[in-house]
Amino acid sequence: MEINEIFYSLQGEGLLVGTPSIFVRTSGCNLRCTYCDTTYAYSKGTEMTIQEILTEVKKYPCSYICITGGEPLFQKETPKLIDSLLKKNYSVCLETNGSFSIMNLVGKKSFIISLDIKCPSSGSQDDMNMNNIFALSKDDQLKFIIKNKEDYLYAKEVLKKYNPICTVFFQPVWETNPKMLASWILRDGLQVRLSIQLHKIVWGAKRGV
Ligand code: SF4
């Protein structure tokens with residue numbers, strides 16, 4: 001597999017926010033979101049076997065693993081990596097951009113999916129596989145990155161139409177003031193959680209954290 005980086009930090013987003021986690025960042029992405037904060041993951045990474053990845057993650061005192069990107073499902077070995085990590089008793093979270101089907105991944109023990117649905121400002125809205133929302137279990141999570149009012153209204157419509165059973169996060173684009181988004185959520189009484197990227201607050205908006 002092509003790996004961009006492996007590092008140990010705090011989970012900054014979603015249900016496991018604040019949880020020490022090992023991050024396995026795969027290389028390559030099929031999308032080009034306008035606000036992407038990991039453009040450095042687009043290029044070719046270091047070729048590693050699954051065994052080499054297992055050896056690397058074992059160096060850290062942690063049983064939580066977040067597989068992120070880039071887009072992890074852009075690489076065909078990722079499902080095998082997930083199974084190998086689960087066999088070693090890691091709890092695994094897969095962060096995926098919503099364009100690849102997750103149908104063959106759901107239902108695994110100690111495994112959650114963090115699924116993005118891209119909003120209009122991303123430029124990737126038309127690449128989403130919306131049927132993925134129906135595959136999510138209550139333990140998974142759905143994330144909308146929101147830059148402006150148009151994105152917010154779009155996310156609201158998606159929730160109304162697809163009625164997901166999992167926890168939903170609305171996360172402002174990092175450079176955006178979260179107050180406006182918070183006030184819209186409160187005004188509309190939405191059953192979603194505001195997500196601020198904790199790791200960037202703690203370490204700054206930089207690579208490897
Ligand atoms: S899916 Fe993620 S990594 Fe790919 S372009 Fe969009 S934000 Fe960047």
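User: How do H1 and H2 lie to each other: parallel, perpendicular or oblique?

Analyst: This is a predicted model. In it, the axes of helix H1 (residues 50–57) and helix H2 (residues 78–87) come within 10 Å and cross at roughly 45°. Angles of 65 to 115 degrees count as roughly perpendicular and those under 35 degrees as roughly parallel, so H1 and H2 are oblique to each other.

User: Left-handed or right-handed crossing?

Analyst: The crossing of H1 past H2 is right-handed.

User: Which residues make that contact?

Analyst: H1 contributes Ile50, Ile53 and Leu54, and H2 contributes Lys80, Leu81 and Ser84. By type, the residues of this contact are 4 nonpolar, 1 polar and 1 charged.

User: Switching to the sheet. What is the strand order?

Analyst: The order is S3-S1-S2-S4-S5-S6-S7-S8-S9, with 9 strands in an open sheet and mixed pairing.

User: Which strands stand at the edges?

Analyst: Strand S3 (46–47) and strand S9 (193–194). Each has a single partner strand, so one side of each is left without a neighbour in the sheet.

User: And S1 with S2, how many bridges?

Analyst: Strand S1 (residues 2–10) and strand S2 (residues 20–26) run antiparallel and are joined by 7 bridges.

User: What is the bridge partner of tyrosine 8 in S2?

Analyst: Isoleucine 22.

User: Last one: which strands does H4 lie across?

Analyst: Helix H4 (residues 149–162) lies across strand S7 (141–146) and strand S8 (167–172). H4 runs at about 155° to S7.

Technical notes:
Residues numbered from 1 in each chain as written. Predicted model: local features only at pLDDT ≥ 70, side-chain atom pairs only at ≥ 80, totals over all residues. Axes fitted to C-alpha atoms, helices over the stretch in contact; angles between N-to-C directions. Helix = DSSP H or I, 4+ residues; strand = E, 2+ residues; numbered from the N terminus. Parallel < 35°, antiparallel > 145°, perpendicular 65-115°, else oblique. Left-handed = near helix turned anticlockwise from the far one by under 90°. Contact = placed C-beta atoms within 7 Å. Nonpolar A, V, L, I, M, F, W, Y, C, P; charged D, E, K, R; others polar. Pairing = 2+ DSSP bridges.
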